[in-house]
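Subject: Structure for you to look at, with notes

Dear colleague,

Here is the structure that I promised to hand over, and below it are my notes on what was found. Please read them with the model open beside you.

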Amino acid sequence: MHDAIHATPGELSKQAMLIDGQWVSSLEDEWIAVENPATRQAFALVPRARSADVDRAVKAAGTAFSRWKMTSAAERGRLLYRIADAMEAAKEDLAKMISRENGNALRTQSRGEAALAAEVFRYVAGLARELKGHSMYLQPETLDYTRREPYGVVGAIIPWNAPLVLAALKVAPALMTGNTMVLKASEEAPLAVLAMSKICADHLPAGVLNTITGYGAECGAAIAEHPMIPKISFTGSTAVGRSILAAASQRVAAVTLELGGKSAQIVFPDVDCDFVTEGVITAMRFSRQGQSCTAGSRLFVHESIADRLIDRLSSRLSAMRVGDPLDESSDAGSLVNEKQFRRVCGFVQEAIERKPEALLLGGMPPVQGPLSKGYFFEPTLFFDLPEDVRMTREEVFGPVLSIATWKHEDEVIERANASHYGLAAFVWSRAGAPALRVAHALDVGWVLINQGGGQSIGHSYGGMKQSGAGREFSLEGMLASFTDLKQVSVSLGDQGFEKL
């Protein structure tokens, strides 16, 4: 829970936001308390930005754009390399900051996120000379070619579940392509993003990157509606994504959306159950408490191996250690806040009430002991729930896996596709042809076969249906997201002049 306050309690550290190269408070000098979800205690304050603060950040970015777009691509790449080096040097501090503010386990999650964020800057820096258009031969009397040009001020809004790497995936390509940015960090997990912004500000001209903090309704909405922002890049829930798209449509602004998911995992009968058990756990993002849009939270197991696989999953998850995110022995940490904690409880309680015998592992969170002190939720498995139970259809964003069996390939494809989401899917099979058939038949933007890990830099990652529009991670996705295409056609005729 976060409270907007005017006073600054002495025990809470205060972190300003970045506008035009300066670290400032909000104009109304209001603050939001940042909570440690493992203890349910506030430990820091960030500014509560409103529309007037968004406006001054946009004006700063607009002024900086006129200079930044004229900076050579090579120079922009050099600056991003320096940022990558500085982030690499600071990755342990950044990782601990992530774990403290959003509850992700340091050993299994936050260290990897901090390292990946630095690599995103390094990868994008190397692409700076790849801002290429194309020439085409249409007729002998003309020269026709395209140019990739920056939009101008990009408005970016990121969530709390992987704040640092998601910020890097917007900041680095937007700046590399010549745009400037107003970035809204999540009020739930703003501190690592602000620390990254400090590193960026040490190397960038003032106003190129502006990072603000505030509530979505007050700050995020102002970004979506601002007339001087021609491009919006949003990562978050499908519900909020719809509102962003609606606001942007009023002025026909370009929008990239990476939204929610309810990803299916399909397990064929020919697999090694021990290998797939580990893969299913990874794909479900249990070490991230299931707080991932790509979490494979619908597991379809062939009926011939269901008992064996479920036994192995139950045994393996029972041994998973949930605890203090900063403890090196913790495999998983806590949910991010009280709102999310209550949301997951609601899904689980409803499923238990509908079919008590479907609960195989976990269930409602502990009310006594160390885990009751924070927003901790242990791995939970349900089997054969009725298909009208919300958990089988809606994104839970918690460590809860719903398991069902299948018999025929066409049947499981139809069930996997019976969702308004279309972000990711995971297929497990030793045989190549069936796995590829299913991968091609699934209505999702990203399919992993025999692996459960996350996106790699260079993947074209994004969703179909109500899971989003646009792509990240790849050069193609970055160019499509952060540059506009201009066609130039030049007449080569003599235009009345005498030929030499």
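Among the contacts in the protein chain with a separation of 6 or more, 73% are between residues 24 or more positions apart, where contact means heavy atoms within 4.5 Å. Please bear in mind that this is a predicted model, in which local features need pLDDT of at least 70 and side-chain atom pairs count only at pLDDT 80 or more, while totals for chains, interfaces and linings use all residues. Residues are numbered from 1 along each chain as its sequence is written, and side-chain values use heavy atoms, with hydrogens and water left out.

**The chain as a whole**

The protein chain holds 14 helices and 22 strands; these are DSSP runs numbered from the N terminus, with helices being H or I of at least four residues and strands being E of at least two. Its radius of gyration is 24 Å, close to the 23 Å that the globule rule gives for 500 residues, so the chain is as compact as a globular protein of that length. That radius is taken over C-alpha atoms, and the globule rule is 2.2 Å times the number of residues to the power 0.38. Along the principal axes, the C-alpha atoms fill a box of roughly 90 × 65 × 40 Å.

Of the 500 residues, 56% count as buried, a term that stands for under 20% relative accessible area, with exposed being over 50% and partly exposed in between (1.4 Å probe, protein chains only). The chain exposes about 20200 Å², of which carbon and sulfur atoms supply 52%; the areas come from the Shrake-Rupley method with a 1.4 Å probe, and for residues only the protein chains shown count as cover.

As for charge, there are 51 positive and 58 negative side chains, and the centres of the two sets lie 2 Å apart. Lys and Arg count as positive and Asp and Glu as negative, with His and the chain ends not counted, and the place of a charge is taken as NZ of Lys, CZ of Arg, CG of Asp or CD of Glu.

**Helix 7 and its cover**

Helix 7 (residues 216-225) has C219, G220, A222, I223 and A224 as its buried residues. What covers them includes helix 1 (51-68) and helix 8 (238-249), together with strand 9 (153-157), strand 10 (180-185), strand 11 (209-213) and strand 12 (231-235).

**Aromatic pairs**

A search of the whole structure finds 8 aromatic pairs; rings of Phe, Tyr and Trp (its six-membered ring) pair if their centres lie within 6.5 Å, and planes under 30 degrees apart count as stacked, over 60 as edge-to-face and the rest as tilted. In one of them, the rings of W160 and F397 have centres 5.6 Å apart and planes at 85°, so the pair is edge-to-face. W160 lies in the loop between strand 9 and helix 5 (163-176) and F397 in the loop between strand 17 (380-383) and strand 18 (400-406), so the pair ties together parts that are 237 residues apart in sequence. Both W160 and F397 are buried.

Y461 and F473 also form an edge-to-face pair, with 5.8 Å centre to centre and 90° between the planes. Y461 is buried, with a relative accessible area of 1%, and F473 counts as buried at 6% relative accessibility.

W446 itself lies in strand 20 and counts as buried at 6% relative accessibility. Leaving aside neighbours within four places in sequence, W446 is in contact with residues including R285, T294, L423, H459 and Y461.

**Two backbone angles to check**

Which residues are worth a look for a positive phi? V252 has a positive phi of about 55° although it is not a glycine; V252 is found in the loop between helix 8 and strand 13 (254-258) and counts as exposed at 73% relative accessibility. N450, also not a glycine, has a positive phi of about 60°; N450 lies in the loop between strand 20 and strand 21 and counts as partly exposed at 30% relative accessibility.
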